[in-house]
Amino acid sequence: LRHWISHPLIQVDQIQFRLDAVEELTKNSLIREEIKKLLEGVYDIERLITKISTRSANPKDLIALSGSLKQIPNIKKEISNLSTPLIDKIKQTKELNNITKLIEISINENPPSRINEGNIITEGFSKELDELRDLMKGGKKFISELEAREQEKTGIPLKIGFNNVHGYYIEISKRYSEKVPPHYIRKQTIANSERYVTPEIKEKEELILGAEEKVIQLEYTLFSGIVEEISRYIIDLQEIAQNIALLDALTSLATCSAIRSASLASA
């Protein structure tokens, strides 16, 4: 709309094409209302294109793009019985089902905003990633089972914890210090407890943390590759954005026209 106002048409046929499209949408109120509902599911595609082309897109941006592209077939179906030249132009909008499918099979439906948090790529998209995740899950399951096993063996209500500084540790209240097995290695003393490690825990810790780091690195690489693939369709995406913007503007003008006509009729 801003562009139209600042760059007014001077060719009669172009002016008539725009007026015809607005008139057709004004007369077809049910179609117009359905178009408005469908457009609510379309995000700012031009903004998404900019982020993709500058490689600054995050996982949620790709989900937004996929959701927007999924509306294209529905929009084209809704306007299929309209016939003015500008509407016919919008009917030719590409659907890019391959991009929608790529995002659908690769990106989790509710991913984090940041690409270094993990949990971006869907299970089954990368065999290597799935194997690393299995290793990571197996290590964490081992730690959980180890806690129960050590409690039973020692008779101490110990717990296994983790922090970024000391990694995994066994925490035991100081009142049970005399019952601590000799192979436990003291790691840290806190207010009311002592923290210990064992060679077994350290070995699993290396596997778990190594797998977690590799998972995040691999997810980042896979995500970057997906964005790179989508960027090959920038021109097509720009055309889609322009056609959607055209339909949005025409629908808005038709809505204003219908409201104005109803107001004059009731005056």
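Predicted model: local features only at pLDDT ≥ 70, side-chain atom pairs only at ≥ 80, totals over all residues.

Next I looked up tyrosine 196. Tyrosine 196 is also buried, at 4% relative accessibility.

I then checked the two rings against each other. Tyrosine 184 and tyrosine 196 form a tilted aromatic pair. I noted 6.0 Å from centre to centre and 50° between the planes. Tyrosine 184 sits in the loop between strand E2 (167–173) and strand E3 (185–189), while tyrosine 196 belongs to strand E4 (residues 193–197). The pair therefore ties together parts 12 residues apart in sequence.

How many aromatic pairs does a search of the whole structure find? I got two. Phenylalanine 162 and tyrosine 168 make a tilted pair, because their planes stand at 50°, with ring centres 4.8 Å apart. Phenylalanine 162 is partly exposed at 35% relative accessible area. Tyrosine 168 is buried at 9%.

Last, I turned to two helices. The axes of H5 (residues 59–78) and H7 (residues 97–106) come within 9 Å and cross at roughly 135°. H5 and H7 are therefore oblique to each other. I logged the crossing as left-handed. On the H5 side, the contact is made by Leu62, Ile63, Leu65, Ser66, Leu69 and Lys70. H7 brings Ile99, Thr100, Ile103 and Glu104. By class, I have six nonpolar, two polar and two charged residues in this contact.

Terms used:
Residues numbered from 1 in each chain as written. Heavy atoms only, no water. Axes fitted to C-alpha atoms, helices over the stretch in contact; angles between N-to-C directions. Helix = DSSP H or I, 4+ residues; strand = E, 2+ residues; numbered from the N terminus. Parallel < 35°, antiparallel > 145°, perpendicular 65-115°, else oblique. Left-handed = near helix turned anticlockwise from the far one by under 90°. Contact = heavy atoms within 4.5 Å. Nonpolar A, V, L, I, M, F, W, Y, C, P; charged D, E, K, R; others polar. Phe/Tyr/Trp six-rings, centres within 6.5 Å; stacked < 30°, edge-to-face > 60°. Buried < 20%, exposed > 50% of the residue type's maximum accessible area, 1.4 Å probe, protein only.
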